[in-house]
Amino acid sequence: MNTAEEIAYNFFLSLLAIIIIFLNIALLLSCRKNPSPETEPELEDSSPAAAKARAYQLSDIDAATDGFNPLRIIGQGSSGTVYAAVFPGDDDLVAVKRIHPSLVLLNAGGFEFSSVIKTLSSAHHPNIAPVLGFSQAPGERIVVMEFIGIQNLNHLLHESPDGASLLDWRRRLTIAAGVARGIEYLHERMSAPGGTIHGCVKPSKVLIDERFRAKVCDYGIRFNGRRRGIVGYVDAEYWNRGASKESDVYGFGVVLLELLTGRKSEEGLLVKWAVPLLKEMRFGEVLDPRLVAPSDMKMIVRLGKVASACVGNCRMSRPTMVQVAAILNCLELDHDRFGFD
Ligand SMILES: Nc1ncnc2c1ncn2[C@@H]1O[C@H](COP(=O)(O)OP(=O)(O)OP(=O)(O)O)[C@@H](O)[C@H]1O
């Protein structure tokens, strides 16, 4: 190649490079202005909350519940009625919670239901009952959740005739550790700013699946005007200062006391009765009489200490759910290595 050809060749290469750079810039700008159908959902996917919650028409819910057929009711709480439902063309059973109309009315304009549900539907954890979607219409607020068998912890512990024997010490420890991990996840790892507060941790909000794993349900939505069902599971400050992570810790402590004693909270009486006995190590009086006490009491002593710390009077002095979950995880591991007896 002579010098003139070399110059021409280099000029041609430079020109080609400049054209390619210009084409790339033009392509980039046009993509920004007009996102292609492929890129748009990807952007939405970056917010798992927006991507997951499904908005159902009221007619879909009506079809799935056979017109809110009372035969499909699986639970009735102070905030709503829960139905077992199946959407036409779908095999999976779901749980549909229809909020009481009086609460919907009372909380009209209080918070943006759909955006709260979208945030909650981003929860993804083995100890959390997933929220799948919602339906909203005048006077109607409905939450669609994954259906979790077999029962809630309140029923197993206090109502089912064979509940106590099904819930041996090993299972109680697994359930307690699972609930702790579930609430820790809500508090610390949910996408909502500052985490998500459950609002009322209690045994009926702990669903137990067929493998006796605990799944925390009904989290993050608080309707004003609801008192029934909360008393005994929230701390004294709740009534002036509202729900907080610390009030969730208190509720968890009460759940742990119910697991240890087999007794119901009875509007806070359980805390007053059980905590002094646990502190004095009077386990013969305090442990669930329907179970044989383990011969090695180390686990029970530790669980009693955790429960007492969680229901402490002062919010500031309570452990965080991160600390509680860490202790219960260790207890679970210890149990796997050494057992209760
Ligand atoms: N996702 C679910 N899968 C299966 N059963 C569920 C599900 N969610 C709720 N339930 C059942 O419905 C019952 C009623 O639930 P809900 O949260 O409305 O009230 P509660 O906890 O019993 O009472 P309250 O809200 O007054 O404290 C639960 O205890 C549980 O047995």
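**Notebook: the ligand and its shell**

I started with Ser 78, where a polar backbone atom lies 2.6 Å from an oxygen atom of the ligand; a polar contact is a pair of N or O atoms within 3.5 Å. This is a predicted model, where local features need pLDDT of at least 70, side-chain atom pairs count only at pLDDT 80 or more, and totals for chains, interfaces and linings use all residues. Residues are numbered from 1 along each chain as its sequence is written, and side-chain values use heavy atoms, with hydrogens and water left out.

Next I looked up two side chains. Ser 204 has a polar side-chain atom 2.7 Å from a ligand oxygen, and Lys 205 places a polar side-chain atom 2.7 Å from an oxygen atom of the ligand. The protein buries 92% of the 610 Å² that the ligand exposes when taken alone (Shrake-Rupley method, 1.4 Å probe).

Then I checked the whole shell. I found 20 residues around the ligand, with Ser 78, Asn 152, Lys 202, Ser 204 and Lys 205 the closest (a heavy atom within 4 Å). By type, I noted seven nonpolar, seven polar and six charged residues; Asp, Glu, Lys and Arg count as charged, and Gly is among the polar ones.

Last, I asked which domains supply the shell. Domain 1 (16–41 + 150–333) and domain 2 (48–146) each give at least three residues, with bounds from an automatic or database domain assignment.

Conventions
A polar contact is a pair of N or O atoms within 3.5 Å; within protein, one must be able to donate a hydrogen and the other to accept it, and residues adjacent in sequence count only if both atoms are side-chain atoms.
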